[in-house]
Structure formats: C-alpha cells, structure tokens
Amino acid sequence: MPSGHIVVDGLSKVFPSQAGDITALDGIDISIDSQEFVSIVGPSGCGKSTLLRCIGGLIPPTDGEIRIGGDLVTEPDPRIGYVFQKAVLLPWRTVEDNVMLPFEIGGKPTDADRAAALDVLELVGLADYRRHRPGELSGGMQQRVSVARALVTNPSILLMDEPFGALDAQTRDTMNVELLRIWDESNTTIVFVTHDIGEAVFLSDRVLVMSARPGRIHDVIGVDIERPRSFEKVEGDETFWSLRQRIREELH
Amino acid sequence: MASIRRPAARGTTVPRFGLSEKRLGQVLFGASAAILILIWHLWASTNSPLISPTPGAVLQRLIEYVGAGRANQHVWITVQEIAFGFLLGGAIGIGFGVLAAEFDIARRVIMPYVIITQALPKFALAPILVIWFGFGQEPKIIIAALIAFFPLLENTFLGLTSAPAEMIELFKALRASRWTTLLKCRVPHAIPTIFSGLRVALMLALVGAVVAEYVGANKGLGAQIIVAQGTLDTELMYVAFVLLTLLGLALDKLHGLVYRLVMRRLYGKGAATAADQQPRVSV
C-alpha cells in the first residue's frame, strides 16, 4: 500500500475534564489517497486540529484506529511532515539550521542531508536567506521555512494545521499558490486544516466539512476544478463559487 | 515580498535640549551625583571624622591604601570566596534546577528542601560554620554558595520549563528523545533566564562572602571593615565600601560581557537587542 495513503477508521477522541468528558471527535471515517490534497474545514472547536494531531500520532485516539500506508499509527511517523499554525522556528538557529533540525534529531546529518536542506530552501524560495535568523524574517517567510523543515525529510504526507491562518490575505494567497507548486513537485499527500472556505476549495481535491460538538464529518465535497490552478482561472470558474456557497451554507 | 525585517534598536536617540537621550541621561546622572557628593561633603565637614570622613579624605586614603598594596590580599581573598561560592552554589543550583525541571519526582523531593533552606536565614549559620571550619575561607564560601544557589535553581527550573508548548510538540512530532529535547530545545531556550539568575547569584555571593567575613575572619574586605570598626577608623571603612562597590560593578560588567558573547553565539549579530532587554547599568 502506498505510504501516502491514510485511513481513519471509527476514530473517537474524548478529553476527560472535571466538568464532564468532552467528546472532541466522534466516529470519524476517512480514506485519503496517496498524493491527494484534502482540506478539513469546520467551525472553531469542531476538532479539526485534534483530528490532525491524531493522524500525526501526537495524541492517541480514545477509540478507533488510524493507518498510514497500512501501518497502525501509535506514535509520530517518520513518513509525516508537520506544519503548525505558528512557524515554531528555533530563534537561536539560522534558517538553514532550523531546516536541518529533523536530521539532527534523527542522528548525525550527512552531506546528502545538507544538500536536501538547500534543495527545500530553494523550493520555498529562501535559499538566499539560509544564514539569517528567524527573527529577521517576515511572518510569511518564517512559515515558508517551517514548510521547508517539514519537507526536508521527503515525507509521504504533509499535515498542515491552519499554517497560513496568521498571515495577511495577500501573503496567504501567495503561499497558497506556492503550496500547490510544492505539492506538485514533491508528490506528497497533504491534509490541510483551515477555517477559510475559499482557501480550502482553491487548494483541494476534496474538502471535508466537519460539524462541532461532537466533531463529526458532516460532508465530503469533491472539487472538480482543473489543475494546475491559479487565482485568475479559479475565480473565473462557476464551480469554485458554487462550492464555496455550498460549504458556507453547510457550516451554518 | 522577500524583505528583511530588522528589529528596531532599543534606546534610539530622541533629541531633547539638543542632546540625545543617552547623552542627556549621562549629564543628569553626573549633575545629581555631584550634588550628592557635595551634600556628603557638607554633612561630613560639620561632623567628627569618626562619624564620617569627607569624600576628599576617603579618596586620599583610598589612593594611599591601594597604592601601598595593602588592598591586594584582602580583595583577592574576598574575590576567591565570591568566585568559589558562586561556582559551587551555581553548579548545585543549575544541577538541581535541571533535575527538578526534568523529573516530577525530583521536583517533589527537592522543592521542600529549597523552601526550608530559603526560610532559614543563612547568615545565621555563619557562627556555627566558623566553629566547624575555623576562620579560613571555607565558611564564607559555604555561605556565599548557600545564597547564590537559590536564584539559579529557580531560574534554571523556570527557563527549562517555560519552553513554548508548540516547540515541545514540534520535537515530539520529530520523534526527539527527552534528552535531545532538553539539549536542543529547553536548554538554549533557558539560556537568557539562567543568565539573569547568574547575575543575581553573583551579587548575592558577594554579600554572602562579606557578611560571613564579619562573623570571623582576619583577611578579606569584610574583615577589614570589622577591624576598622574596632579601631574607630571610619575612613578605612569607607575605603572598604568603595572597594566592594567597585568589585560589584566589575563582577556585573564581567557577567554582562559573558552574557553578550553567549547571546551573540546563540542568536547571531542581532543578539545585541536581545541582550539589551535585560536592564543593565553601564558606567
């Protein structure tokens, strides 16, 4: 089974709390194909981030199971790259050393690893900034460094948790276009959590719409818009607007 | 889009009365210090030199005392006590701080001791330490270590445990071991906090060494103060105060220097601004 294939089967997640247990996720079933781009949208508190963290092996499910490439997920999987809402760069390291972090944690970095770091920095357009510290970069550039760090180990799956949520609209548009290019060049499966419906439709093959309390998959919507996509093309496309409208209505 | 954002430098010059803020501060400081010294002079002049010598007399005595080389051994003894006390207390503080931060069980065992030793006034121990160790440097080093240790334990613990949750989660996602997370995430994150602990510890070690010398010593600046008190040599007392103040300033400068070097190594050239976030007296 291709290692970018994700199956979520009967997943439930309950957080115990003094005021009574909170069911964050309830009976989630999803199957995501290798190299697919899937977005998850839903109201805040619907558990979309929790779902992503379960897939990433950061928290254990209460019930049900997750498989990646057929293997049961019990801990963070080396085939997964994670991009968080914040860039989470280490301010005391240069851009390049931040991207090298996954290799350093895995052992002693090789020359091939260093070459890979340069390649991904090239891919996100920041090779010229590799000697800078994160504090000298704009928010958009920082987030691109964190994308590079997630990609450097050549993962089969990229999990992205509202990665561009904190960026201004213009930077976010640029990042979306770049993300599609990177996805195209890297053959990864991407699971992308966002609260921006337009972003979800623009990027994805399928959009999972979640409902809150308990978090359930409310609907799965296929986005039948031709690739490669650009803003000019997509915004002139009837399907884009009707899907946006449909998802918006489902969220209310 | 690819523009570099540089942090604005702190203490940027805002002209006032035709002077930069920095220059104006220096002028105001100089003027107020001159007024204070004048008040001291006037007050001392109307009193017996036994109560207080004048600033001029203190300066003259200081030059004589230092010039004759009489300060050397006392300063050296006190510096040694501070250094050993600081190193001993610092090492223990950092060590237990790491243990307490890493292991809950260690924290539960260590913290009650910390609270008890903090509640105990450590200077009160000086007489018994003199009985145990005599009039040498050991009791002073132990007192200095005992009070230097707490700020380091506290700041080490605080620095190590305050790494942002998302940073810890990143390391978890990258399958980092506890040891790797400590070394590559928590420790570098804690460096500035540990350094402010070191600064406090250094000053406390100085106080500890001097006060312990009061209780029983024949050498060291604290011992000189007690000797001066016994012979009603108020001038010599003042000389010792001045030397202690200069020593304190020198130690603080040294700390600042090391801190800046470390910060520059960690954060690169932009570290100067990060280092400046710690308020620091410059002379």
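The structure is a predicted model, in which local features need pLDDT of at least 70 and side-chain atom pairs count only at pLDDT 80 or more, while totals for chains, interfaces and linings use all residues. Residues are numbered from 1 along each chain as its sequence is written, chains are lettered from A, and side-chain values use heavy atoms, without hydrogens and water.

**Strand E7(A)**
- Strand E7 of chain A covers residues 157-161, and five of its five residues are buried (under 20% relative accessible area, 1.4 Å probe, protein chains only).
- On one side of E7(A) lie A:Ile157, A:Leu159 and A:Asp161, and on the other A:Leu158 and A:Met160; both faces are covered.
- Strands are DSSP runs of at least two residues and helices (H or I) of at least four, numbered from the N terminus.

- E7(A) runs parallel to strand E6 (residues 80-83) of chain A, joined by four bridges (pairing requires at least two DSSP bridges); A:Ile80 has A:Ile157 as its bridge partner.
- Five bridges connect E7(A) with the parallel strand E8 (residues 189-193) of chain A, where A:Thr189 stands opposite A:Ile157.

**Helix pair H2(A) and H4(A)**
- The axes (lines fitted to C-alpha atoms over the stretch in contact, with angles from 0 to 180 degrees between N-to-C directions) of H2 (residues 95-106) and H4 (residues 139-151) of chain A come within 7 Å and cross at roughly 35°.
- Contact (heavy atoms within 4.5 Å) involves A:Val95, A:Asn98, A:Val99 and A:Pro102 of H2(A) and A:Val145, A:Ala148 and A:Arg149 of H4(A).

Key
Buried < 20%, exposed > 50% of the residue type's maximum accessible area, 1.4 Å probe, protein only.
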